[in-house]
Structures are given as structure tokens and as C-alpha cells.
Amino acid sequence: MRILNWMIGVIAMLSSCASNASISIEVNANKQQYRLVITTPKSVEINLWELEKPTAGLAPRKVFVVVKDVVNNSVHCGDNSELYFSSSKSSDIIGRTKALLIQSDTTYESQWFEIRELFTGLKQCANEKDSSRWSKFQIGVELNTNSGVLKSVSDWLEITSDIKERH
Amino acid sequence: MTDPTGFVAMGDSAAQWNCATRVGCQVGEDGSINRVNLWGEGSNSNEQNQNQSTEKSNTSGVKPNSIANVANTNNAQTASTALENEKIDVLAKGPDGKPVFKGIGGLVSVDPSRAGPADLQPGQLQMIDGSKMMAYKNLSKNMAWDYDCHGYSVGESSYWINNDDLHDWLDHTNSLVKSTSPEIGSLVVYRDSDGKVVHSAILTEPGKVTMAAGTVIYTTPHGPSKTTTVPVADGWPEPGTTIEYWRMK
């Protein structure tokens, strides 16, 4: 029993080491773009499918926005979740696996994505359809790996007039 | 019960249920069934079928603006009747009147991070042209997964149908035909710049479609809804999208 407990302890330590991988969101406010960056001291496997856009015009599958209006109320859809995934509009979201191994001490950088695509469809389903009242947003991501979930949320960003007009 | 026009129905008879789940029909608070034209005025036709012609004189192709212009030349009653009689109906039905769906393999548990957990039964829908189409039946109570856009358009609001599966079926079906003169009830198909199907809806008003979209749940004055009605061009507003209209053959 003591040996079993010791083995469980070792496995937990290994998981902890592997979970030192981290994901961050880099924003280029001038270009209104963002990308996802994963760094890891140990090799980690991700499902690249989760970081791909289901179709043009939508955000990657596991990327979401949290939107607040001018009085700091949450702008959300009928499911009352604060998180809005524009990829939820797609019909192609039955899960698939596209494994990508990120080697130890390397960095994965996604392509640059358009911020406006995070908002696609929000106005149609939102509790606040007057997008002129939308004020700020955060970009978030939750990515599954073989050693746990990587999460990140950006700082609050201002919603540009372009996004308000488009969506 | 809420129909795609957002009307909340009272009562529970089969006729009331059928009415409540169809566009252009309302169940009154007293349980009466009223046809509603697509411009929002009750016609109170008391379930009388009116077999008026719904042919339209559109010769200008499939641009949304042209549809609105053409459709506005028709009277409201004609449009309402058109929807009742001509909404595409491509699923084969069993003796019980329900779509024929044959499950295949084990349940699929969807990624719960976006719209919550659900178990879906994969299977095949039998189509009236003898073909089959892959679909998923939601076995959970999570309404986000009850149906997607294609499930609303061709799956009687009962199934999830992936883009690829509708795309492939449209390539081979004998029951629908692409039309340059869209009518109320037409299937509206949106394709990306590569020609792949990305969305579908039903033309339910002149220049407007009623649609679902993936797991999205819409906020309405009557509560959460899987469907919304928007201008045709707003159904899938991504630049480069092409729009097609399909009618029963």
C-alpha cells in the first residue's frame, strides 16, 4: 500500500510538471488581431482542431469573448452563459481529434486571428441587441491537453466602432 | 410552446402543438388556432386550407433584395398559405408519422465547454428520395443540442446535421431542385467562397429567413429560443458567402 501511495505521488508530481505548460493571448490592438501562444517546458499534446476556425468568419473553436455593456452588465445569449463562442454558430462542432505534439522548450504560435470574428452572431442572440451599448470585452481560451486544461483570459479591451457596426 | 415567430401557445392538443411549432400559425390564449400572415396580421382562417397559387414572377435571380421586392408584390394570405403547403419536407416518415431514424453505433458525448454536456445518438435519416443522411439525435435535456441550422431546415427541428452531410446530400438529392424564383418555404443554403455549405435556413417572410445556428440559443421576449428571424443576407454575413434557394421538385 505504501508503495502504491508513493507511485501515486510520483505520478501526481509528473502531471504537475507537465501542466507547467501555459497559454497566453497576444493582442495587436492596432490591427485588431490576436493570436494564441503556448509555451511548455515539457512536451505536451494538444488537439489542434480546437484552435482552428470551423469556417471563415468565426473564431477558433475554443476561443470566446466576455462582453460588458456601458453599465457593466453582461452581454450574453439565451443560455445565460457569460462566455460567447462564435464557433457555436457552426454545424461542424461534433468533436474531432487532430493531435499536435508541442516539443519541450518550444513555443507554439497560432496564426493571427481577426478580433471581429469573435463577435460574429452575438447581436442576433444577445440580451442587449443594441451594440452601440457594448463597451468592453475580454478574449478567453480553454484548451485541452494530455496533461490538463490550459486557460487564459486577456485584459479588458475596448470594443471598436467597427465591431459595433458590423455586429 | 413557442413557434419560430416567437408566439407562445397555450393548450396541448395535437392541432395546437402542430400549429405552435409552425411558422405562420398561432394558438390563442383560448386555445383557438389562427393563421397569421407573415406580415404580422392575424387572418383567423381557422385551419382552412386555401390552395392558391404561390407562383412568383421573379426573374432576377437570387439576391436577397430582389426577393424582397418580388415577394412584396404578393398578398399576405398567399404567402401564409404557401408556407403551410410548400415548406420543404424531405424526411421519409414511418407509420407513426415520425421521421425514420436508424441509430448507428454508440452515443457521442459532446464537448461540454461551450454549450454544456449532451449525449447524441448518431444515425441515419431516411429521406423521401430513397437516400440517407447522417444525423444526430439529442438524448439529453440540453436544448442547445436539439438541432442546428440544418436540423431546423430539413430535419424538422429534431436532429443535428453537420455541414458536410447536408452538402453531400444536396449534391445527390432528387427531391429538391435549386431555384432562381424563391418562394416562402424555400430552403436557403449559404456556401462559403469554396462552395462548401456553412449554413441553411427557411425563407419565412419576404426577404427574411428563420434559422437556428449551431448550439446558439437566442434571447427573445418569451425566453430562450433555438430560432430567430433575420434578413436573408444576415443569415450568414461573412463576405464571399453565396446564397442558394431550393424547392421541392
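Buried means under 20% relative accessible area, exposed means over 50%, and partly exposed is anything in between, using a 1.4 Å probe and protein chains only. The close-ups below come from a predicted model, in which local features need pLDDT of at least 70, side-chain atom pairs count only at pLDDT 80 or more, and totals for chains, interfaces and linings use all residues. Residues are numbered from 1 along each chain as its sequence is written, chains are lettered from A and ligands numbered from 1 in the order in which they are written, and side-chain values use heavy atoms, with hydrogens and water left out.

**View 1. T40(A) in strand β2 of chain A.** Here we visit T40(A), which belongs to the strand covering residues 33–40; strands (E, at least two residues) and helices (H or I, at least four) are DSSP runs, numbered from the N terminus. Is T40(A) buried or exposed? T40(A) is buried because its relative accessibility is 4%. A polar atom of the T40(A) side chain lies 2.2 Å from the backbone oxygen of K42(A). Apart from neighbours within four places in sequence, T40(A) has contacts (heavy atoms within 4.5 Å) with A21(A), I102(A), Q103(A), S104(A), D105(A) and T106(A).

**View 2. The disulfide between C77(A) and C125(A).** A disulfide is a covalent bond between the sulfur atoms of two cysteines, and the cut-off used to find one is a pair of cysteine sulfur atoms within 2.5 Å. Searching the whole structure turns up one disulfide over all chains. Its sulfurs, from C77(A) and C125(A), are 2.0 Å apart. C77(A) sits in the loop between β5 (74–75) and β6 (83–84) of chain A, while C125(A) is in helix α2 (residues 122–125) of chain A, so the pair ties together parts that are 48 residues apart in sequence. Both C77(A) and C125(A) are buried.

**View 3. C149(B), a cysteine in no disulfide.** The nearest cysteine sulfur to C149(B) is that of C125(A), 14 Å away. C149(B) is buried, with a relative accessible area of 0%.

**View 4. Strand β10 of chain A and its partners.** Strands pair if DSSP finds at least two bridges between them. β10(A), residues 134–145, runs antiparallel to β4(A), residues 63–69, with seven bridges joining them.

Notes
Polar contact = N/O pair within 3.5 Å; in protein donor to acceptor, adjacent residues only side chain to side chain.
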